[in-house]
Amino acid sequence: MPGKKTPRSVQSSPQGFRGKGGETHQTAGGDVPVLTTQQGSPVSDDQNSLRIGARGPALLEDAHFREKIFHFDHERIPERVVHARGFAAHGFFETYEPLTDITRADIFARKGERTPAFVRFSTVAGNKGSPDLARDVRGFAVKLYTQEGNWDIVGNNIPVFFIQDPIKFPDLIHAAKEEPDRGFPQAATAHDNFWDFVSLTPESTHMLMWAMSDRAIPRSLRFMEGFGVHTFRLVNAEGRATFVKFHWKPKGGMQSVVWNEAVKLNGADADFHRRDMWAAIQSGDFPEWELGLQLFDEEFAKTFAFDVLDPTKLIPEEQVPIRRVGRLVLDRVVDNFFAETEQVAFMTQNIVPGVDFTNDPLLQGRNFSYLDTQLKRLGGPNFVHLPINAPKCPFAHFQQDGHMAFHNPKGRANYEPNSWGGAAGGPRESPKHGFVTHPVEESGAKLRARPERFADHYSQARQFYISQTPVEQGHIRDAFAFELGKVETLAIRLRVVSHLLNVDGALAAAVAEKLGIAKLPAAAEPARPIRTDLPPSSALSILLNPPPNFGGRKVGALVTDGTDAALLTALRSVLEAEGATLELVAPSIAGIVASDGNTIAAHHALVAAPSVLFDAVAILPSTDGAALLATMPAARDFLADAVAHCKFIGHVEAAGTLFAKIGVPTDDGGFVPLRGAADATGFVVRCRAMRFWDREADLPPPRPTSAGPTKPHKKQA
Ligand code: HDD
């Protein structure tokens, strides 16, 4: 007899494995279904493969083992070549008012109509397992399952892009991702190849300003804007076209972290953004954005200072105001990450009647690229048969067969025209309802060239910079210094500074100083005169557009045995009323015994919950608790980081000994005394400002906005 068998463990089987009526074959006991092979054959032993004798050779006839390992070996599909790391959720788009005067798009036809949506957020450069808080552009891809087909707005959280021509996309991405000889750095542009490429590509300058700004380190995917980037067209039933740029405006306002915080968050919780999104949706605090349209006509396009087909330029909101036309709400997490988030196939070419492209060369190139990538990743031409990619409206065509064909038409007609007549003849084209390309007149020579008006690479970079608050400008300066500090080749660092000189002289000088560059290089030769008359646009700043309140944010309360129970209750209820949450961080995960003798469970053990996880902190120990915390290095880090990251710090008097021991000066306005339950409201009101920026030490004095780019220095020999 072979050796004793290990006990059989039977897992619940997904619905797809059940019999026709949803009933299971047999049950292993209770309601637990019997484990089967993919072919449905019941399995008796899933612990031991088939062999001759307990110590003998394995047998090839073990079909269950073969199938199980075969399937496992093929579980991975290629990750996206860019935007590999992502997180997605379901929701809906709700139309505020009919827009039939502007577009015949069905989604905008009826007030209050809800269209199912699926949104995937991503970073660009990192691999699938990279951390969430990499300094990077965030993808913001929206699939709208409209009644007239799927419409994908495949955008980013930055309204411009690095390059103007799609032929440079492989170069850009090669340069940004890990260097090919060493395979690092991952999910980071702070390396020579990236800065070499972008410094040789001056059209990147505007986007670099955004990428080095706090936009590239959002606090939450919920608190960032989204942009369609390109100029598109909306076309109404009469065939009249209007240019449009798409914007997603977060209802919870914009918010970012600081770089030092991002670095620490990546260690504390590499899944910070996905966990945040998951938790918000699961708690019913549904993330929401409004769709904004910037609508303009040919006349505006002709008079605008830049070419509206140039994806390295934006149109300031002050020049073309944003009209809010609906809201996007994410209210359901996925059932299965692979089936939905990994297999979703966004494609810029997915547009619907009433929407059309423009000649933006980058957009045209993207329209070509996205179909290719789906074929590679999803393995065949039938990826639209996957539930996440399939339209939710009726569809009918004569495309057939191919790998994994799920929707197979019945009947004889698989071509047209045919003479089978009626329903037997299958679908027919509809000149009335079908998509009609806007009939733009085009003429010209075949050539490889860029429009002259694309050549101003610095004016809007400068406009972006002067639109930032001094705090934000300081962050941009530090980000350039950090990234270039990782660049080993001096010539590359100097080349970047030579471009910054065309953006803002003080910025270039500050970055150069931080890099120890004693003599500024000559400014790069601009291809077009740099405009210094573009006024600041407050819409470009995060801090000039503060969130409406502290809703959706989180306070971490450092508590110990003896913590004031009444204060804790008051704080929790004020935060709840604000739409925010309170999480308790205690010396041990077992929790605390509060001042009223009740045991309260902790959300986190102090060692596992640095203050970077929270938007603000409350230091609420008892006197004895403060003495205990003073002995704990994690408490010191908790507090020191909260101070360094300019967070509001509510505190009881007993926390004073802890502050003194740790050496934290508490006299700035970011420390809010909590003398009792009555002070809870005041603390939360202060938190609405999100950060106490005055604490940031070496801010440069606010500069007049009229400061122009530094004159080109004499060329060095
Ligand atoms: Fe792209 C993915 C956004 C330029 C080629 N892109 C991808 C995703 C987003 C963007 C959000 C991830 C979609 C998802 O979540 O699955 N891409 C942009 C934006 C661009 C841009 C806003 C400039 C305005 N992309 C761009 C160019 C090309 C591509 C110029 C090629 C010529 N992008 C791709 C791709 C990807 C992709 C290789 C990789 C995975 C995928 O498509 O599905 O085809």
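## Helix α11

In helix α11, the buried residues are Val471, Glu472, Gln473, Gly474, His475, Ile476, Arg477, Ala479, Phe480, Ala481, Glu483 and Leu484. Buried means under 20% relative accessible area, exposed means over 50%, and partly exposed lies in between, with a 1.4 Å probe and protein chains only. The structure is a predicted model, in which local features need pLDDT of at least 70 and side-chain atom pairs count only at pLDDT 80 or more, while totals for chains, interfaces and linings use all residues. Residues are numbered from 1 along each chain as its sequence is written, and side-chain values use heavy atoms, with hydrogens and water left out.

The helix is mostly covered, since 12 of the 16 residues of α11 are buried. The cover over these buried residues includes α3 (192-199), α4 (205-211), α10 (459-466), α12 (490-500) and α13 (505-514). Helices (H or I, at least four residues) and strands (E, at least two) are DSSP runs, numbered from the N terminus. α11 runs over residues 470-485, and at 1.5 Å a residue its 16 residues should span 22 Å; the end C-alpha atoms are 22 Å apart, so the two values agree. The expected span is 1.5 Å times one less than the number of residues.

## Helix α10

Helix α10 is also mostly covered, with eight of its eight residues buried. They are Ser459, Gln460, Ala461, Arg462, Gln463, Phe464, Tyr465 and Ile466. What covers them includes α4, α11 and α13. α10 is in turn listed among the elements that cover the buried residues of α11.

## The ligand and its iron atom

Tyr370 (OH) is the only protein donor of the iron atom of the ligand, at 1.9 Å. Donors are N, O and S atoms within 2.8 Å of the metal (3.2 Å for Na, K and Ca); water is not among the atoms, so sites may look incomplete. Tyr370 sits in helix α9, residues 361-378. The side chain of Tyr370 also has an N or O atom 2.7 Å from a nitrogen atom of the ligand. Two other side chains make polar contacts (N or O atoms paired within 3.5 Å; within protein, one must be able to donate a hydrogen and the other to accept it, and residues adjacent in sequence count only if both atoms are side-chain atoms). An N or O atom in the side chain of Arg366 is 3.2 Å from a ligand nitrogen, and one in the side chain of Gln374 is 3.3 Å from a ligand oxygen.

Altogether, 22 residues surround the ligand, and the closest are Arg80, Arg120, Asn156, Arg366 and Tyr370. α9 gives the most, with six residues. By class, the shell has 11 nonpolar, eight polar and three charged residues. Here Ala, Val, Leu, Ile, Met, Phe, Trp, Tyr, Cys and Pro count as nonpolar, Asp, Glu, Lys and Arg as charged, and the others, Gly among them, as polar.

## Arg377 in α9

Arg377 is another residue of helix α9. Its relative accessible area is 4%, so Arg377 is buried. A polar atom of the Arg377 side chain lies 3.0 Å from the backbone oxygen of Glu342. Leaving out residues up to four places away in sequence, Arg377 touches Ile77, Pro78, Glu79, Arg80, Glu342 and Val344, where contact means heavy atoms within 4.5 Å. Arg80 is also one of the closest residues to the ligand.

## Helix α16

Helix α16 covers residues 633-644, and its 12 residues reach 16 Å from first C-alpha to last, close to the 16 Å expected at 1.5 Å a residue. Ala634, Ala635, Phe638, Leu639, Asp641, Ala642 and Val643 are its buried residues. Just after α16, Cys646 takes a positive phi of about 60 degrees.

## Backbone exceptions

Most residues other than glycine have a negative phi, and most peptide bonds are trans. Val229, although not a glycine, has a positive phi of about 65 degrees. Val229 is in the loop between β7 (226-227) and β8 (232-235), and is buried, with a relative accessible area of 7%. Asp401, also not a glycine, has a positive phi of about 60 degrees. Asp401 is in the loop between α9 and α10 and is partly exposed, with a relative accessible area of 46%.

Cis peptide bonds occur as well. One joins Phe184 and Pro185, with omega of about 0 degrees; Pro185 is in the loop between α2 (169-176) and α3. Another joins Glu416 and Pro417, with omega of about 10 degrees; Pro417 is in the loop between α9 and α10.

Notes: Near = heavy atom within 4 Å.
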